[in-house]
Amino acid sequence: MSGRLYALGTGPGASDLITVRAARIIGKLDVLYAPAGRKGGDSLALSIVREYLSDATEVRTCHFPMSADNDEKALVWDETAAALIHEVEQGKQVGFITLGDAMLFSTWVYLLARIGHPEWLEIVPGVTSFAAIASRAQLPLAMEQQSLAVMSCTVSHQALAEALRAHECVVLMKVYGRFAQIKALLQHLDLIDSAVLMAEATLPGEQCWRDLKSVPGDQPLPYFSTILVNKQWRRQG
Ligand SMILES: C[S@@+](CC[C@H](N)C(=O)[O-])C[C@H]1O[C@@H](n2cnc3c(N)ncnc32)[C@H](O)[C@@H]1O
């Protein structure tokens, strides 16, 4: 069999929110690359897919540094892309898993930029975190004529304010470490009652806050924390 590479979205956290296609592919892999948050640390993505893995699959965890040093990051992306290509050239069925969807705020896209678009590559979509959060919180992402912006809270305060003014619905990702400023901005724009905060959606530690006014600015939040805003869906009571 000729080698193939699959980039697989694992979905937001619960193992049964992975697609049937991804689960079937994972069960037939020779090698699986699983990103870990820390060097030598556990991989959440791996824990999500573990039940679909065959004993014959070799698992390689890889760490992508979050450092500000672009050269250091580029070196790891170069090395990982080269390793993936090498495995495919040896005729192996290779998987690379990524949380949520592979094409949304994901390290996978830096590997894609290096690998290009060979016929041996398939990208399998996953349920994004914000799709899962909308369902868990029962808050529509967008309705009728509404526009939806997906923002990373790593952008400037001004860019966030502009998105919140321009769009009826906004997904605010990467809230971790920035909640106090975002809460103040939502209050300033009179959007605090149209927002829901969710941490670790679909995972055992899932938490949902519907009354953001009552959440202290210094509330400890995990890295997996996201706010959804829908201006037409104000909190009742
Ligand atoms: C690097 S991005 C990954 C996004 C992912 N590719 C997706 O499709 O959702 C990480 C951010 O996604 C959001 N996120 C991912 N999983 C989440 C979850 N289970 N619950 C809440 N937010 C989550 C958080 O905002 C987190 O800071």
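**Exercise 1. Which residues of helix 4 (residues 108–115) are buried, and what covers them?**

Before we start, note that this is a predicted model, where local features need pLDDT of at least 70, side-chain atom pairs count only at pLDDT 80 or more, and totals for chains, interfaces and linings use all residues. Residues are numbered from 1 along each chain as its sequence is written.

*Solution.* 
- Step 1: Helices (H or I, at least four residues) and strands (E, at least two) are DSSP runs, numbered from the N terminus.
- Step 2: A residue is buried if 20 or more other C-beta atoms lie within 10 Å of its own, exposed if 12 or fewer, and partly exposed in between, with C-beta atoms placed from the backbone.
- Step 3: In helix 4, Trp108, Leu111 and Ile115 are the buried residues. Looking down the helix axis, they fall within an arc of 60 degrees, so they line one face of the helix. The arc is that of the directions from the helix axis to the C-beta atoms.
- Step 4: Contact means that the C-beta atoms of two residues, placed from the backbone, lie within 7 Å. The cover over the buried residues of helix 4 includes strand 1 (4–9), helix 3 (70–89), strand 4 (93–98) and strand 5 (121–124).
- Step 5: Just after helix 4 comes Gly116, with a positive phi of about 80 degrees.

**Exercise 2. Work out where the ligand lies relative to the two domains.**

*Solution.* 
- Step 1: The protein chain divides into domain 1 (4–127) and domain 2 (130–230), with bounds from an automatic or database domain assignment.
- Step 2: The domain centres, taken over C-alpha atoms, are 27 Å apart. Six residues of domain 1 are in contact with eight of domain 2. On the side of domain 1 that touches domain 2 there are five nonpolar, one polar and no charged residues. Here Ala, Val, Leu, Ile, Met, Phe, Trp, Tyr, Cys and Pro count as nonpolar, Asp, Glu, Lys and Arg as charged, and the others, Gly among them, as polar.
- Step 3: Around the ligand there are 25 residues, of which Gly100, Thr128, Ser129, Met173 and Ala201 come nearest. A residue is near if its C-beta atom, placed from the backbone, lies within 6 Å of the molecule. Helix 5 (129–137), strand 8 (195–199) and strand 10 (225–230) each give two or more residues to this shell.
- Step 4: By class, the shell has 14 nonpolar, eight polar and three charged residues.
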